[in-house]
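Biologist: I would like to learn how to read a model of this kind, feature by feature. Please give the general idea each time and then the case at hand.

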Amino acid sequence: MRHRRVPSDRVEPPVNRVNGATVRVASAVLVGCVAVSACTSSASSDLSEGSDSVTVEVILTDLRNPRGVALDAAGGILVAEAGLGDDAPDVRERSGRLTRFLDGNGDGDFNDPDEAEPWFEHLASYNAMNVYATGRDEVSGPSDVAVHSDGRVFLTVDGGFEEFALLEISPSGSIGRNLSARSNMTGIGFSGDERFLFVTESTLNQMVEVSLEDGARRDVAVFALLDSDQQAVPAGLAVDPRNGDVLVALFSGVAQAADGTFTPFVIGDSKIVRVNPDTGSVVDEITDLTTAVDVAVDSEGNIFVVEMATDHAGLFEHGADPADPNNGPRHGGYLRFSGTVTMYPGDGGPPRVLAEGLDAPTNITVSDDGALFISTGQGTPGRSIPGPDGTTQIVGEVLRITGF
Ligand SMILES: [Ca+2]
Ligand SMILES: [Ca+2]
Ligand SMILES: [Ca+2]
């Protein structure tokens, strides 16, 4: 294990805060970026101070539970959206979708008219709170997406109740094989030779390898219970380009306290593990995390971790409808606006918090040129939540972080 987080790591500059109204870069720059409208790259043109000039920009907004983000060779961004979580009985009204966005006018965002190219709509979308009585507003549907160098796209969909898919989409945009349907699959990533996909099977607490040639599935690793005897709940993954290892974010599941009550998660029990896909060995990479939900790694070995929230808060009571417009503002399971993105430098230097105060981030992708793309706003879109400046609503967005 290379890094161990201690509380003092949290205060290292620069710290950026996205609070639903503005994106602030510590010490130097105020990027005048309103979350309900898109930022432009020109907003950051007055940056200074080289490596301290971390910039956080909203490049997509008004999404419905954006999850996996993938970049294609033509500069497009594919975004899987888990949808409204309304479990529409009519499949034609299902709200999960996959969309490709292209910055046609070159202004740095992907939000302008004609910049969205819908690929698939009416994919599954449901809210786990309604199905499993968790008290937590958690929407599932399309989960992760990856673009192969031959132009194929792979997409996982979690429809609940055994309706799972790892879909192969041809370069011309047709859905082909379903390569795996055993469990919900929250994270996918290619092996170095792109002949396999590594896949986290979240509910089954394991990671598997799926052959893109014949669809054969090989169980690679089962994740053990965590420190408080809760399930590991693997979420996102990333393939280390230096050696082919797979880094997996273990989100951590519900834990039972000594008095028999249950808590959604235990602070500090989440972690990133490193899996050797050849041997199946699992070793701790970064520990003492809370709700680590996704991880990315670049060619220099820098590791980027997304934690969804620092605490649980404001669970719904049994039978509540998270989409009821009469609900007052409520966190709804996870403390809103407490998500973080932290960089663990490949040279072994101390961790750096690149952004904090994010509203329920879920996914991270690093591009070949080193930019980070973060999906935020997990939960029922439009639902009232406590924000840093008073009541606000859940808005799905994709942020881009550069300059670190
Ligand atoms: Ca644009
Ligand atoms: Ca624009
Ligand atoms: Ca990811």
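This is a predicted model: local features need pLDDT of at least 70, side-chain atom pairs count only at pLDDT 80 or more; totals for chains, interfaces and linings use all residues.

Biologist: What is the mean pLDDT of the protein chain?

Modeller: pLDDT is the predictor's confidence in each residue, from 0 to 100. For the protein chain the mean is 89, and 87% of the residues reach 70 or more. Over residues 4-50 the pLDDT stays under 50, and the model has 107 contacts beyond four places in sequence for that stretch. A contact here is a pair of residues with C-beta atoms, placed from the backbone, within 7 Å.

Biologist: How many helices and strands are there in the protein chain?

Modeller: Both are DSSP runs numbered from the N terminus: helices are H or I over at least four residues, strands are E over at least two. The protein chain has 1 helix and 36 strands.

Biologist: Which order do the strands take in the open sheet that contains β33?

Modeller: Strands of a sheet pair through backbone hydrogen bonds, either parallel or antiparallel. Two strands count as paired if DSSP finds at least two bridges between them. Here 4 strands lie in the order β5-β36-β33-β32, with antiparallel pairing. At the edges are β5 (55-63) and β32 (363-366), each of which pairs on one side only. From one strand to the next the twist averages 20°; the angle is taken between axes, lines fitted to C-alpha atoms, with N-to-C directions and a range from 0 to 180 degrees.

Biologist: Which residues are bridge partners between β32 and β33?

Modeller: β32 and β33 (residues 372-376) are antiparallel over 4 bridges. T365 has F373 as its partner in β33, and V366 has L372. The two strands form a hairpin with 5 residues between them, and G370 in the turn has a positive phi of about 90°. On to β36 (residues 396-402): β33 pairs with this strand in the antiparallel sense over 5 bridges, and the partner of L372 there is I401.

Biologist: Are the faces of β33 buried or exposed?

Modeller: A residue is buried if 20 or more other C-beta atoms lie within 10 Å of its own, exposed if 12 or fewer, and partly exposed in between, with C-beta atoms placed from the backbone. In β33, 5 of the 5 residues are buried. L372, I374 and T376 lie on one side, F373 and S375 on the other. For the protein chain, 50% of the 404 residues count as buried.

Biologist: Which residues have the most contacts inside the largest nonpolar core?

Modeller: A nonpolar core is a set of buried Ala, Val, Leu, Ile, Met, Phe, Trp, Tyr and Cys residues joined through C-beta atoms within 7 Å. The largest has 90 residues, and those with the most contacts inside it are M207, V295, F304, V305, V341, I374 and I401. Not counting residues up to four places away in sequence, F304 touches V295, A296, V341, M343, I364, V366 and L372.

Biologist: Why does G135 count as partly exposed?

Modeller: G135 has 19 C-beta neighbours inside 10 Å and therefore counts as partly exposed. G135 lies in the loop between α1 (128-132) and β11 (139-140). Leaving aside neighbours within four places in sequence, G135 is in contact with M129, L315, F316 and G333.

Technical notes
Residues are numbered from 1 along each chain as its sequence is written. Chains are lettered from A and ligands numbered from 1 in the order in which they are written. Two residues are in contact if their C-beta atoms, placed from the backbone, lie within 7 Å.
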